[in-house]
Amino acid sequence: MRFERSHTRRAAFVAVASSLALLATACGGDDGSGGGDGGSTGGGALEGRGPITFATGKDTSGNLTNQVAAWNAQHPDEKVEIKELPESADGQRQQMVQNAQAKSDAFSVLNLDVVWTAEFAANRWVTPLPEDQFPDLGKLLPSTVDTGKYRDKLYAVPVTSDGGLLYYRKDLLDKAGVQPPKTWEEMVAACQKVKALPEGKTIGCYSGQFEKYEGLTVNFSEAINGAGGVVVGDDGKPNVDTPEALAGLTALAEGFKSGFIPKAAITYKEEEGRRAFQEGNLLFHRNWPYVYALAGKTDGSSKIAGKFAVAPLPGLKGAGVSTLGGHNYAISEFAKNKATAADFIKFMSSEERQKANIEKTSQAPTWASLYDDPALNKQFPYLAPLKASIESAKSRPKVVKYGDVTTAIQEAAYGALSGTTPPKDALSQLQTKLSSLITQ
Amino acid sequence: MSATAQLAERPSKQPPKSRHRTSFNEGTGRLAAILLSPTLLVLALVVVYPIISALRESLYTSGQQIDEEGFVVEGSQFVGLDNYTAIFSGETGERFWNAFYNTTFFTVTMVVLETILGVAMALVMHKAFKGRAIVRASILVPWAIPTVVSALLWKWIFQADGAANALLGTQILWSTEGWQSVLSVIIADTWKTAPFIGLLTLAGLQTIPDEVYEAAKVDGANAWQQFLRITLPLVKPALLVAVLFRILDTLRIFDLPFVLVGANKDSVETLSMLAYDEASNTRYGPAAAYATILFLYVAVVAYVFVKLLGADILGDAVKRKPNGRRRRKDKDAAPPGANTVAMAGSTHGGGSVA
């Protein structure tokens, strides 16, 4: 027995030693190739032509392949290959960050969510773009172009946009004889009138997206901006501990307390809210344009088809301010063939391509002219309010540590809406937190 | 394993002991080393290297400073134990202790509930009755479903207008902060993993010979006494393995609260979720520090558990096998269940390490 054990030990030693020797050779090889790669990347100017890759989230619309096929047909020597990333925004960002940290040239053009621009630019993961190479920028909605900039330098070109809309039950408002509301107060009054009707007795008044996730940051920002406040000012400093911001947040918190916003709305993301609206349980609902097509379906999935309409978001006392959504295209710092990449971005952001895209997918374009196109307006009756929404929209804080900032905002807003923190305390705590996070 | 068994048996056939055996063993040893080295190499690559690089990572920080022009300062700095001390101080400290408490609380309540339910399930499955196969199969269904899928399923049940509220006739907002979200996680996890304990316990139950019970009956022991004096002690090795695996699993629970209730919810935030949160904000140093602390916590709990209760995980597998063979040779008794249990255990253990 004793003997056997010692022999085992020796065998283990030999095995470990030979493994380590092998491991060392494996690592050596690895290092060599890594070093070679590091040397070949770099540069910075938009040079080089040839095939490139396009990293984007899962294409749920199914139209992206058509768009890229159109490019590939015109540019047989500079073909674009689509690299589909996960469907969730977090998953996409993670893969892009990992790719950048490995300094890999696997992704040439990146499809960035508008809130990632600052982080990617500050980390030098994306190439600065010379504005004179993108002459069409002036024809895009200015608020969308702004999302592609970090410290006044262009890093990404907006290809799709998005803005919040107020969906409302036109049938009930007509019956109660009220106009679609332009302010929060009008909305409260309108709901009271509808509630007086027999068919409006059990209906909930209003809901946005109030679950603790990115949507809450969007809704919180809209409440603050719509009341005349700011989350992060133009000087790049947080400024949420103000009377305006307090008024905005209090309106939401009071909404929950008084039952104007149904209690269940604290668990709503986009889809839960959409379902409640489609079931006929909500009079007013803040959501993105994608809801329009789904709520209007006449196959029985929506109980309110033909009974609703959209308006721009209401503010606290005046017009509302939407939070800007959408996607921008940027070039990876570590990509090859950057000249082709720049041309591809120009192609995808062109008026012609964006028109082809909205016709198929109803994704909001960034070209101002497309919103005035009569044919498109017929197909998408929400384009006029959407343009108004996007034109006045504000972007979310453009900060490098966006992940931490949005978590802090959600923490403060969730506490205030669920009634555990008074709005005033929530905002002053948020101000302290943001000041330590945003040190620019 | 079969190699050891052979080694153990061979010497008895060859009377001239020392010299001959030495050369034989040395030759086999070298061969074993050569044959094993690819395995050890893979293990070093997928286990040792990540652990060491995570430990190293936890001593560094990178990308947290911004220069005048707004660019992140490149390169990583050695900060020693700063990442660790930062975890325990100020607001981060509160968050850490909260997550630590949640992790521990989940582990204790879930494992206790799952053990009770699992043993009950095993007793039911062990009984001979019509349709036993169907009952066994259906009890195992929850365990077969991937955690994320079952989390989504329960999320659907627990949503504001979901089945749970419809059944209860109230409107409990399960996914908000508070006791209800904790409860929803406990329910979902117990539903999913009690069958695992049931399965392993059943394997143990099946090794208890009927004669023992018959003898107890003759001696006049009632059902409860039989359960306490015979079933529990004899099923203990299998049960302890199952409980240990559940403890290790629950200590690093992540997907269930993350999907069912959501990120950043204080009521259900666990240590794994903290590490994930840090990593997704590209603070890999602190994330590695969190992961290391969790690793140590899991190691300590496992060690204490094994020491206190004597769950002889690896020893069982090695020692009992030859014994079992010998016994089977001597008498024609049924093979002891240690083999089955150890196999089930090690298969699962492999999975949980990965």
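In this predicted model, chain A and chain B bury about 3500 Å² between them, with 53% of that area lying on carbon and sulfur atoms. The contact draws on 44 residues from chain A and 42 residues from chain B. Across the interface of the two chains, eleven residue pairs are found in polar contact, both residues being at pLDDT 80 or more. On the side of chain A that touches chain B, the elements that give two or more residues are α1 (2-40), α3 (89-101), α4 (117-122) and α16 (402-417) of chain A, and α1(A) gives the most, with twelve residues. The residues of this side of chain A divide into 17 nonpolar, ten polar and 17 charged. Six salt bridges are counted between chain A and chain B, including one in which the side chains of A:R124 and B:E74 meet at 3.5 Å, N to O.

Two or more residues of the lining come from each of α8 (214-226) and α9 (243-258) of chain A, with α8(A) giving the most, namely four residues. By residue class, the lining of the largest cavity divides into ten nonpolar, five polar and two charged residues.

The second largest cavity holds about 80 Å³ of space. Among the residues that line the second largest cavity are A:V114, A:V115, A:T117 and A:A118, together with A:S395, A:R396, A:P397 and A:K398, and its lining divides into five nonpolar, three polar and three charged residues.

Methods. Residues are numbered from 1 along each chain as its sequence is written. Chains are lettered from A and ligands numbered from 1 in the order in which they are written. This is a predicted model: local features need pLDDT of at least 70, side-chain atom pairs count only at pLDDT 80 or more; totals for chains, interfaces and linings use all residues. Side-chain values use heavy atoms; hydrogens and water are left out. Contact means heavy atoms within 4.5 Å. Buried area is the accessible area (1.4 Å probe) that two parts lose on being put together, summed over both. A salt bridge is a side-chain nitrogen of Lys or Arg within 4 Å of a carboxyl oxygen of Asp or Glu. A polar contact is a pair of N or O atoms within 3.5 Å; within protein, one must be able to donate a hydrogen and the other to accept it, and residues adjacent in sequence count only if both atoms are side-chain atoms. Ala, Val, Leu, Ile, Met, Phe, Trp, Tyr, Cys and Pro count as nonpolar, Asp, Glu, Lys and Arg as charged, and the others, Gly among them, as polar. On a 1 Å grid over the protein atoms alone, a cavity is a set of points where a 1.4 Å probe fits but cannot get out, and a pocket is an open set with protein on both sides within 12 Å along at least five of seven lines; lining residues have an atom within 4 Å of a point. Grid points are joined across faces, edges and corners, and a volume is the space filled by probe spheres set on the points.
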